[in-house]
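Good morning, colleagues. Please have the structure open as I speak.

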Amino acid sequence: MSELKLGDKAPNFDAETSDGKINFHDYLGDSWGILFSHPADYTPVCTTELGTVANYKAKFKERDVKVIALSVDGLKSHEGWIKDINETQNTTVNFPIIADEDRKVSDLYGMIHPKADDTLTVRSVFVIAPDKSIKMTLTYPASTGRNFDELLRVIDSLQLTAYNKVATPANWKQGEDVVISPSVSNEEADKMFPKGYKVVKPYLRTTSQPELKK
């Protein structure tokens with residue numbers, strides 16, 4: 001099983017999807033990406049998840065994030081299931097679903113956990129930066145649906161902290177105060193954060209969320 005870690009380059013692959021054949025890196029282009037697997041087509045939790053992602057299209061787009069799903073089922077199965085998703089979740093699936101019948105991508109990304117299920121993928125999530133490095137991974141059991149609001153929160157944090165010397169505290173949400181990186185001296189902080197900052201402890205300094213720099 002693959003042991004991809006944070007900072008590793010997301011492996012590239014070619015695959016058949018519900019939107020035609022793709023090259024993964026070409027599909028992402030210069031955007032951020034989310035690759036997420038679901039255990040099987042025609043399953044209840046997965047149906048709600050893919051419907052949620054379709055309904056969040058605008059939220060992902062405003063963050064320049066491309067999403068792509070994966071299942072070990074085939075294209076014909078995907079086509080029928082998409083109709084069910086659209087009907088039951090009051091949406092239109094607007095992103096590709098990879099058909100990974102040979103488990104090539106699943107094995108490449110370590111999405112099959114034999115002690116949970118030796119044939120079906122778990123609910124894996126990979127957040128990928130424009131340079132194709134893996135910035136976040138999450139693994140949920142098959143019985144637990146993902147919180148896509150949390151994934152948006154993580155994307156907001158990753159994009160903010162990628163271009164500013166700050167970190168986001170527990171339960172942080174867009175627009176709230178952030179903490180200044182320990183590597184930044186007080187003298188540097190005076191210049192970087194003209195709105196000022198609060199010294200709670202020498203290692204804990206808070207400031208208003210800066211503008212996103214790219």
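Let us begin with helix H2, which is made up of 12 residues and reaches 17 Å from its first C-alpha to its last, close to the 16 Å expected at 1.5 Å a residue. Please bear in mind that this is a predicted model.

Which residues of H2 are buried? They are Cys46, Thr47, Glu49, Leu50, Gly51, Val53 and Ala54. In general, an α-helix has 3.6 residues a turn, so residues three or four places apart point the same way.

Helix H2, residues 44-55, and helix H4, residues 75-88, have axes that come within 9 Å and cross at roughly 70°. H2 is therefore roughly perpendicular to H4. On the H2 side, the contact involves Cys46, Thr47, Leu50 and Gly51, and these meet Trp81, Ile85 and Thr88 in H4.

Four strands form an open sheet in the order E8-E9-E11-E10, with antiparallel pairing. Which strands stand at the edges? They are E8 (166-167) and E10 (197-201); each has a single partner strand, so one side of each is left without a neighbour in the sheet.

Within the sheet, strand E9, residues 178-180, pairs with strand E11, residues 204-207, in the antiparallel sense over two bridges. Here valine 179 stands opposite threonine 206 in E11. In general, the strands of a sheet pair through backbone hydrogen bonds, either parallel or antiparallel.

Thank you for your attention.

Notes:
Residues are numbered from 1 along each chain as its sequence is written. This is a predicted model: local features need pLDDT of at least 70, side-chain atom pairs count only at pLDDT 80 or more; totals for chains, interfaces and linings use all residues. Side-chain values use heavy atoms; hydrogens and water are left out. Axes are lines fitted to C-alpha atoms, for helices over the stretch in contact, and angles run from 0 to 180 degrees between N-to-C directions. Angles under 35 degrees count as roughly parallel, over 145 as roughly antiparallel, 65 to 115 as roughly perpendicular and the rest as oblique. Contact means heavy atoms within 4.5 Å. Two strands pair if DSSP finds at least two bridges between them. The expected span of a helix is 1.5 Å times one less than its number of residues. Buried means under 20% relative accessible area, exposed over 50%, partly exposed in between (1.4 Å probe, protein chains only).
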